[in-house]
Amino acid sequence: MKQVVQNYKSGELALLDVPAPGCKPGGVLVRSAFSLISTGTELMKVSEAGMSMLGKARSRPDQVAKVVQSVATNGVPATYRKVMGKLDSYTPLGYSLCGVVEQVGAGIDDVKVGDLVACAGNEHALHAELNWVPKNLYAPVPDGLAARHAAFGTVGSIALQGVRQGESQLGEVALVIGLGLIGQLVVQLLAASGVRVVGADPDPARCELAERLGAAACGDPASAAVESAVAELTGGLGVDQVYLAAGGGSNQPVELAARLSRDRGRVVDIGKCRLDLPWNAYYEKELDVRFSRSYGPGRYDPEYELEGRDYPIGYVRWTERRNLACFLDLLARGRVDVEPLVSHVADFDDAVETYQSLKDGELKAVAVLFRYPGQAPEAPAPAVAVPAVAVSAKSPKPSPVRAARTPVRLAFVGAGNYATSMLLPHLAQRDGVELSTVVTTTALSGANAQRKFGFASATTDLDAVLGDPSVDAVFVVTRHSSHAELTRRALLAGKAVFVEKPLALTEDELAGVLAAVEESGNDRLQVGFNRRFAPLLREARQRFGTRTGPASLRYLVNAGRLDQGSWYLRQGTEGTRFAGEGGHFIDTASWLLEADPVSVYAVASPGNEDLQVVLRYPDGSTATISYVTTGSPGFPKETLDLVADGKVLRLDDFVRASVYDRKRWVSSRLPKARDKGQNAELAAFVKAVRTGGPMPVPLPSLVATTAATLAVQAGLAGGAPVTLERTR
């Protein structure tokens, strides 16, 4: 079998072929499905191995003390041989995984072959294809919990034990210093316990992630933001608990803990940070300093871990194994969400390259998973197909390249509020455009549009318009439930089509549109995703520049409440509000991140339409769309933040934009109204129709955005992330 190992002397990492372990009594043999890289603990070991001998000695003074004692006892030559022999050998990596039971040892009756289990221990849950795991270091995975999520069991237990040591109570306020993997889990566990949380970390992306996952506020510990948030939440009294989840050699965390704790507060050390306690500060407040020992009671006790001797529950309520089972239960019930923490999933065969990318900083990640070959299928996550775009070889005649003076003749199907306020005013004044025909279901609305915007004719006969060879393009601006069918018919008629969002309300509708593209060979389609054309956002993106690392994007949509009689509320026929307009925001995020999403996770607030939608992208980037209906109408509708590579792009409701880099750029306030890009989008569409050039947005991107929008509803129904599967 294969296993990840490291030579501590040379720093070499390798994926070795090693003998498979046997199945001993008192445990089970587990074939790995996913194992988790602890980007804190493991990378610290990898970095130490790459140091010089002097550097290794400085980083591990505890081991130096043992060497000194050995010299005194055994002499220099013997000690040297012992130390060099130990250094110049392979050591394993890993301590948190999920896999399938392949063999059951004697004395085990709580699991059987084929069961999915989460495993713990830096000697038993290694990055290896097979591991023997003793009874008290595994726990069965609850039904429905994905293996990739169960692989977080060990680090979740570490965070859970830290929270238990803090003895948090409902209504308290806690400060979490360090928002890496453990810190993010501590934030969620505290929030689930009814504790208000402030986070501190110098990385703005990690701060933003913690806020999405439940923190009341987060900020750079060197700024005034954290102190202000603590003062506001506690009335100036200080936090009840501080959790030190940071690493490194700075003494800032313990100093910050003293400054922001209340009198007789509790300080819990979970990570491995410097602990030079400022005596006066800790003495004057009589702070209670506690340590959290790994996964919980039983850790480092060979009788518990290796011999399977459990502690009586009446005396020790939460042991290692009970913590592990508890965390898995919280995951299964949705109280903790680890999917947003997954920055990258690598094939196990690429383990060495993955570690090197993490060490070199090329891969910036909170959590990285190894995916193993030949694994048993995990509990299936919902999936939405993203249909491939195919154009028939028997295409119709290509769109003609028009003479400069020949106008583009447009027909409108629908003349409601959006068409008459946001589209037609721009087109009616545009040179080279002729408004040919408006089609409506009622004669009066057609007559009004004809009179106001100068259509040559108005009709209720759609077939006549689709059969008119002089019409170059058809705008579909009707109610949502009719978009897909009208688009399909117009494409089959050989027209270029501009359809307002959404393109489709179901997967079958989307498939029908693409079948029309394939049958007719006509892919001249544009969906009204206008925000990517907004001049202010385009300028901000240009000033932000190219991106090298994964990005974190946050998009708050303060949608507000609808009037009781609005047709948007007819979900049975017109779909949900998000199905109707969510594509706008997904398209904007994908355009900014220059990719299509690969998975969607959505949760809804009980009793209303407030949604949190998390999109994951191929390079590890994430976009979170908060679509809320319960906000104040006085607050801006759309605010957006993009964070990557030490830069931040901020958009405030298409009125002001800013980019924070070495130099800060802030746009001037727009003199008139918000420009959300409709005029530029229409100009691009008309140009494409006139010249026969490509459509403003590639068809595969339109399809991917529509599929991701549909996946939101599937995710809400299934309660799990939805994979966007590309079909062929």
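Which residues make a nonpolar surface patch of about 250 Å²? In this predicted model, the patch is formed by L277, V289 and F291.

**Surface patch and its surroundings**

- One member of the nonpolar patch, F291, belongs to strand β16, which covers residues 288–291.
- The loop between α11 (279–285) and β16 contains E286.
- The phi angle of E286 is near 50 degrees, a positive value in a residue that is not glycine.
- Most residues other than glycine have a negative phi, and most peptide bonds are trans.

**Helix pair α15 and α23**

- Helix α15 (residues 417–428) packs with helix α23 (residues 678–691) at an angle of about 60 degrees, and their axes lie 9 Å apart.
- An angle in this range counts as neither roughly parallel nor roughly perpendicular, and the two helices α15 and α23 are therefore oblique to each other.
- The crossing in which α15 passes α23 is right-handed.
- On the α15 side, the contact is made by Y418, M422, L423, H426 and L427, while α23 contributes Q678, N679, L682 and V686.

**Helix pair α22 and α24**

- Helix α22 (residues 577–593) and helix α24 (residues 699–718) cross at roughly 130 degrees, their axes coming within 9 Å.
- That angle makes α22 oblique to α24.
- As α22 passes α24, the crossing is right-handed.
- The residues of α22 that meet α24 are F578, A579, G582, G583, I586 and D587; their counterparts in α24 are S701, T705, A708, T709 and V712.

**Helix pair α18 and α19**

- Helix α18 (residues 483–492) and α19 have axes that come within 9 Å and cross at roughly 0 degrees.
- Angles under 35 degrees count as roughly parallel, and α18 and α19 are therefore roughly parallel to each other.
- From α18, the contact involves A484, T487, R488, L491 and L492; from α19, it involves E509, G512, V513, A516, V517, E519 and S520.

**A cis peptide bond**

- K501 and P502 are joined by a cis peptide bond, with omega at about 0 degrees.
- P502 sits in the loop between β24 (496–499) and α19 (507–520).

**Salt bridges**

- Side chains of opposite charge can pair when their charged atoms come close.
- The structure contains 35 salt bridges.
- E172 and R266 form a salt bridge in which the closest N and O atoms are 3.3 Å apart.
- This pair connects distant parts of the chain, with its two residues 94 residues apart.
- E172 is found in the loop between α6 (153–166) and β9 (173–177), whereas R266 is in strand β14 (residues 261–269).

Conventions. Residues are numbered from 1 along each chain as its sequence is written. This is a predicted model: local features need pLDDT of at least 70, side-chain atom pairs count only at pLDDT 80 or more; totals for chains, interfaces and linings use all residues. Side-chain values use heavy atoms; hydrogens and water are left out. Patches are made of residues with over 30% relative accessible area and no salt bridge: like charges are joined within 9 Å, nonpolar side chains (Val, Leu, Ile, Met, Phe, Trp, Tyr) within 5 Å. Accessible areas come from the Shrake-Rupley method with a 1.4 Å probe; for residues, only the protein chains shown count as cover. A salt bridge is a side-chain nitrogen of Lys or Arg within 4 Å of a carboxyl oxygen of Asp or Glu. Helices (H or I, at least four residues) and strands (E, at least two) are DSSP runs, numbered from the N terminus. Axes are lines fitted to C-alpha atoms, for helices over the stretch in contact, and angles run from 0 to 180 degrees between N-to-C directions. Angles under 35 degrees count as roughly parallel, over 145 as roughly antiparallel, 65 to 115 as roughly perpendicular and the rest as oblique. A crossing is left-handed if the near helix is turned anticlockwise from the far one by less than a right angle, and right-handed if clockwise. Contact means heavy atoms within 4.5 Å.
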